[in-house]
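Subject: Structure for your files

Hello,

Here is the structure, with its sequence. My notes on the disulfide and the aromatic side chains follow below.

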Amino acid sequence: MLLAALGEEAATTLGGTFVQHKGITLAASALVCLQAAVASADTQRTVTIVLPDPLASVDACQVQTSTTGRVVKLNVLESLTQIDVTNGGVKPRLATEWAALNESTWEFKLRQGVKFHDGKDMDAKSVAYSIERVLDPSLGCDAYAFYFANTKVATEVVDDHTIRITTTPPQPILPTLMEAVSIVSPTTPRKELTRQPVGTGPFRFSKWDPQAEITLDKFDGYWGDKPAVEQAHYRWRQESLVRAAMVKLGEADIGLNIADQDADNPATDVSFHNSEMLRIQINTDQPPFNDVRVRKALNLALDRQGLIGVLVNAKATPAAQIVGPSALGYNPDIVPYPFDPDAARKFLAEARADGEPVDAPIQMIARANNFPNADEVMEAFVAMWEAVGLKVNVKTLEMAQYRASGKPPFEANRPATLRFSSHDNATGDAGVSILAKYHSSSFQADVPNAEVDAMIEKALGSTGEDRRAQFQAILKKVHEEIVPEIWVYDMVSTARINPRITYVPNAASGSIIDLASIAFD
């Protein structure tokens, strides 16, 4: 059975036993152990989730990163608000209600009787501490980098269960932005990342063995509904085939990012749109990427459609902008760059004639195991660029190195650099993405533009249909004139789910696995 699941040449670690699957069969004793472990898991209401990557951090600082968020967000750590993936917008979590007192200040009423896992009370002071910590520029947290880098935030503790938050400039969608700020115990270190997050969620963080697994245990003092799951184990295997086989054999309950070629069981394999957009960031600190003609040539050289159903999930679609149709501000009139290698060669020839070093080597930095068949997709793109005269080499990094590679200061003499990345926005509002990627205050803004900055600042202060129209205009200008990136795909992901549990993936499942949504059959 194992040979059929994994293939003759595959090798992995299953059930704690290393198996070389060529000419060696799995020992009967190992099968007995595996069956006993599965039976025990059923009895103890334990689930095992197999991830495609190890975690670089479990700190609240980095919950917006999918590798961290999948484990701790909503499980260990909670925020004042929570994204409503069904209806859009946000709904209450640690805050029960909120109201705008004026254009700059919002007042949040906090849930009473909530305890942190260390026994401390969750109150307005701890919320203020959490906001101060996660928005400290020296920590470089995701919420600061993505959403608040150009915003001054001040807090006022009104009473134990009331806090006022003032932003400059005004943030009309502050309740939405606050879902990115996880609330932590005041015992959390203020100026450094922690490996032992202490939150208010239905699970407490129990153990992290960086070489093996993470364990979460149900928190008996949780303020809300008690989940059916009592304990969760997270393990990681880079090979899609191995993740799929672990679920098939009963060693895991959920396997994420299953490649199309391994998703061969309609009864257990579920595909879903995951709000994730794949893009290739164009760093313009080195020529020839300072020339918009070269940036357009990079886009025109790629046959995105040709890889769909071959190396990319058949339900994926070529992307053209930073958000999908469900987000306020999505522009339906923006279409992906066509596959036009002749036009790409023409742009490159013009840039070369003007002295741009288009023949110099280019490096593309990528994250290991970013998505199923990632290596093969990048190889295909490299070949397409080579066909129009560009020389691109791929440099693959593990998660911690990859994150560091995207933050300045950069090496002065580094080659022209592309960065294969993804962006996930399940907030329902394009503003959080536009601010993070295109405003000059963000280190992620590769082509700073004063006109775009002014457009963003004006749009962020608007609401309703006016806000939608302004975001649409920004996205159109960025796509047609600025060209700071190569949009690749609006992604679809596949999860394999063990029939012993009930779990329905949604748009957030690429970055959040809410253990409370799991039931046992």
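Which cysteine does a disulfide join to Cys-61? The partner is Cys-141, with the two sulfurs 2.0 Å apart. A disulfide here is a pair of cysteine sulfur atoms within 2.5 Å, and by this rule the count comes to one.

Before the rest, some notes on the source. This is a predicted model, in which local features need pLDDT of at least 70 and side-chain atom pairs count only at pLDDT 80 or more, while totals for chains, interfaces and linings use all residues. Residues are numbered from 1 along each chain as its sequence is written, and side-chain values use heavy atoms, with hydrogens and water left out.

The disulfide

The torsion about the S-S bond of Cys-61 and Cys-141 is about -110°, so the disulfide is left-handed. Cys-61 lies in the loop between strand E3 (46–51) and helix H3 (66–72), and Cys-141 in the loop between helix H4 (124–134) and helix H5 (142–148), so that distant parts of the chain, 80 residues apart, are linked. Helices (H or I, at least four residues) and strands (E, at least two) are DSSP runs, numbered from the N terminus. Both Cys-61 and Cys-141 are buried; buried means under 20% relative accessible area, exposed over 50%, and partly exposed in between (1.4 Å probe, protein chains only).

The aromatic pairs

There are six aromatic pairs in the structure. Rings of Phe, Tyr and Trp (its six-membered ring) pair if their centres lie within 6.5 Å; planes under 30 degrees apart count as stacked, over 60 as edge-to-face and the rest as tilted.

One of the pairs is Phe-371 with Phe-420: the ring centres are 5.7 Å apart and the planes are at 40°, so the pair is tilted. Phe-371 is in the loop between strand E18 (362–367) and helix H10 (374–387), and Phe-420 is in strand E20 (residues 416–424), so the pair ties together parts that are 49 residues apart in sequence. Phe-371 is buried at 7% relative accessible area, and Phe-420 is buried at 1%.

Phe-420 also forms a stacked pair with Phe-381, at 6.4 Å centre to centre and 10° between the planes. Phe-381 lies in helix H10, so this pair ties strand E20 to a part 39 residues away in sequence. Phe-381 is buried too, as is Phe-420. Ring pairs link Phe-371, Phe-381, Trp-385 and Phe-420 into a cluster.

Charges over rings

The charged end of Arg-414 sits over the ring of Phe-410, 4.0 Å from its centre. Likewise, the charged end of Arg-419 sits over the ring of Tyr-402, at 3.9 Å from the centre. The rule is that NZ of Lys or CZ of Arg is within 6 Å of the ring centre and within 35 degrees of the ring normal.

Regards
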